[in-house]
Amino acid sequence: MNQKQINKPFSIPKQLVFDAWKGVKENRGSAGIDAVSIKDYEVLLGSNLYKLWNRMSSGSYFPSAVKLVEIPKKTGGKRPLGIPVVEDRIAQNAVVLHITERLDKEFHKDSYAYRPGRNAIDALSVARERCWRYDWVLDMDISKFFDTINHELLMRAVQLHVTEKWILLYIERWLKVPYETSAGERIERTMGVPQGSVIGPVLANLFMHYVFDKWMQIHYPDIPFERYADDTICHCRTKKEAESMKVIIMSRLSSCGLKLNEEKTRIVYCKDSNRKGNHEFISFDFLGYTFRPRKVKSKQGKVFTGFTPGISQKSKNHIHETLRSWHLKQKKDLIEIDVQMIASVRGWINYYGKFNRDSLNSTLQALNHAIVRWAVRKYKRFKGSLKRGWMWLIRVYQKNPKTFYHWCHGIIPCYFKLKPVKIRRAV
């Protein structure tokens, strides 16, 4: 990629395209409608990247249709996922790299998704503290957010911060590109941003910045909120204030082409030892956690009821479903089991272990149960006895407490029907 740029309508650095490729490769992902994988694209990488840069610089770059894959939702129904071809993902990432820094400077401090240096744990931490100070929460759910983003309003927002003609041109083309089903059917799109596209999260965040964040900052600066993409909660002082904000926000979203799901949007009372009133809803889910009244212990050892987050039931179900999908009974030995588990388990502990760790630990005991069941199937000497399997696993732990990642974090094998076994904890 060292050819000179000559008489090109758009000045796009070659290094930007190469950096965009590196990001796409790192994020991996499946092939689009052309069935070209990242590995396939890399075979002639220099030539492919030069052709892409040349087309983008000359204005002759047109994206391919987006591969439509429908993913089952945990709550029923299906979520459309759009997978662009590798080339289009590189082009989109080039734009993302070019505009992220300037957009991030404009975003609200309580917007946490798709931003450098911010994440879901930050949003949860702030939400937890505000639930202690505010008695009521408006927990909002926007229906089909990514699929109903208004293209005209979105482009107005983009034009406020982007002046480069090539970026404006290609964003408009990406917004209009159709879906293509597995049967080859083309589905035209007049609204929405495909989930699965590289640029989708940035555009969605910018859209919500003007639809909600900035609007709240101007008109209701005394109502704090946390937003992660379309997952948003507002904190209110009274039930009346929460009810009023629900109506006002519904009207605002409707004027921008969005709709609140009234069945899933709730007003929640943050009940604890000091707030002893009654209300229909005293819990809500946010970013994989459930906020609800729980028994907690102060630094002085005093037990009281606090309104705090812990891993949600949906997240627990997802962990169990993932565990079943591994088919551990097919693994040859403990090393192979650990290789299968470690990446997911590390992620679960790092994320769901931030708040109310005991709730996660009890859920992850399922990992030890699964290893015991594997051993009972594999070793005939156990004669199908789970008790013998547990005794064996405890001995494995005693011999090498660092065999599994979750053992190193206190999730150790314990079979409570056995006589007490002296177990030294992993360091």
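1. In this predicted model, the side chain of H108 places a polar atom 2.9 Å from the backbone nitrogen of D110, a polar contact in the sense of a pair of N or O atoms within 3.5 Å, where within protein one must be able to donate a hydrogen and the other to accept it, and where residues adjacent in sequence count only if both atoms are side-chain atoms. H108 itself sits in the loop between α4 (86-104) and α5 (120-133), helices here being DSSP runs of H or I with at least four residues and strands runs of E with at least two, numbered from the N terminus.

2. With a relative accessible area of 12%, H108 is buried, the term standing for under 20% relative accessible area, against over 50% for exposed and partly exposed in between (1.4 Å probe, protein chains only). Not counting residues up to four places away in sequence, H108 touches R115, H209, D213, Q217 and F225, contact meaning heavy atoms within 4.5 Å.

3. R275 belongs to the loop between β8 (266-269) and β9 (284-286), and its relative accessibility of 8% also places R275 among the buried residues. The side chains of R275 and D135 are joined by a polar contact of 3.2 Å. Once neighbours within four places in sequence are left aside, the contacts of R275 are C131, W132, Y134, D135, Y269, C270 and F307.

4. Helix α12 (residues 357-378) packs against helix α13 (residues 386-399) at an angle of about 110°, and their axes are 9 Å apart; the axes are lines fitted to C-alpha atoms over the stretch in contact, and angles run from 0 to 180 degrees between N-to-C directions. That angle makes α12 roughly perpendicular to α13, a label covering 65 to 115 degrees, with under 35 counted as roughly parallel, over 145 as roughly antiparallel and the rest as oblique.

5. The residues making this helix contact are N368, H369, I371, V372, R373, W374, A375 and V376 on α12, together with L386, G389, W390, W392 and L393 on α13.

6. For the protein chain as a whole, the secondary structure comes to 13 helices and 11 strands, and 48% of its 427 residues count as buried. The C-alpha trace spans about 80 × 60 × 40 Å along its principal axes.

7. On conventions, residues are numbered from 1 along each chain as its sequence is written, and side-chain values use heavy atoms, leaving out hydrogens and water. Local features need pLDDT of at least 70 and side-chain atom pairs count only at pLDDT 80 or more, whereas totals for chains, interfaces and linings use all residues.
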